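I opened the notebook to record what I looked up in this structure. The entries follow in the order I made them.

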Amino acid sequence: LDSRLVDRDPDLVAFVLVSAVEAVTHQAVLHHPERMRDPALEDEICRLVLAYFHASDDSLDARRDGMP
């Protein structure tokens, strides 16, 4: 198991990821249905999920300390 996930609440991680992916697909279905067949949308959703899993606590600490 990745050490970045050990201290995270798995239920909260799942909730955030499912909500984010659901929101993107919902918007695509309602406002951009042509995107539902676009492999680029799938790629961007994968990037979103992978970035969320690979976010480091250092980046969160920096944000909280007022750094970009």
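What do the buried residues of α2 pack against? I looked this up and found that they pack against α3, residues 39-54. I note that the model is a predicted one.

**Entry: the whole chain**

I went back to the overall layout. The chain has four helices and zero strands. Read from the N terminus, I wrote the order of elements as α-α-α-α. I then looked up burial and found that buried residues account for 9% of the 68 residues. The accessible surface of the chain is about 5600 Å². Carbon and sulfur atoms hold 60% of that surface.

**Entry: helix α2**

I checked the length of α2, which covers residues 10-31. Its 22 residues, at 1.5 Å a residue, should span 32 Å, and I found its end C-alpha atoms 31 Å apart, so the two values agree.

Next I asked which residues of α2 are buried. They are V13, L17 and A28. Looking down the axis of α2, I saw that these buried residues fall within an arc of 20 degrees, so they line one face of the helix.

At the N-terminal end of α2 I found a cap, and the capping residue is D9. One of the side-chain oxygens of D9 lies 3.0 Å from the backbone nitrogen of D11.

**Entry: helix α3**

I repeated the length check on α3. Its 16 residues should span 22 Å at 1.5 Å a residue, and its end C-alpha atoms are 22 Å apart, which agrees. At the start of α3, I noted that a side-chain oxygen of D38 comes to within 2.9 Å of the backbone nitrogen of A40.

**Entry: M36**

Where does M36 sit? I found M36 in the loop between α2 and α3.

I then listed what M36 touches, leaving out residues up to four places away in sequence. The contacts of M36 are T25, A28, V29 and L41. A28 is also one of the buried residues of α2. M36 and T25 are 11 residues apart along the chain, and I found 7.8 Å between their C-alpha atoms.

Technical notes:
Residues are numbered from 1 along each chain as its sequence is written. This is a predicted model: local features need pLDDT of at least 70, side-chain atom pairs count only at pLDDT 80 or more; totals for chains, interfaces and linings use all residues. Side-chain values use heavy atoms; hydrogens and water are left out. Helices (H or I, at least four residues) and strands (E, at least two) are DSSP runs, numbered from the N terminus. The expected span of a helix is 1.5 Å times one less than its number of residues. Buried means under 20% relative accessible area, exposed over 50%, partly exposed in between (1.4 Å probe, protein chains only). The arc is that of the directions from the helix axis to the C-beta atoms. Contact means heavy atoms within 4.5 Å. A polar contact is a pair of N or O atoms within 3.5 Å; within protein, one must be able to donate a hydrogen and the other to accept it, and residues adjacent in sequence count only if both atoms are side-chain atoms. Accessible areas come from the Shrake-Rupley method with a 1.4 Å probe; for residues, only the protein chains shown count as cover.
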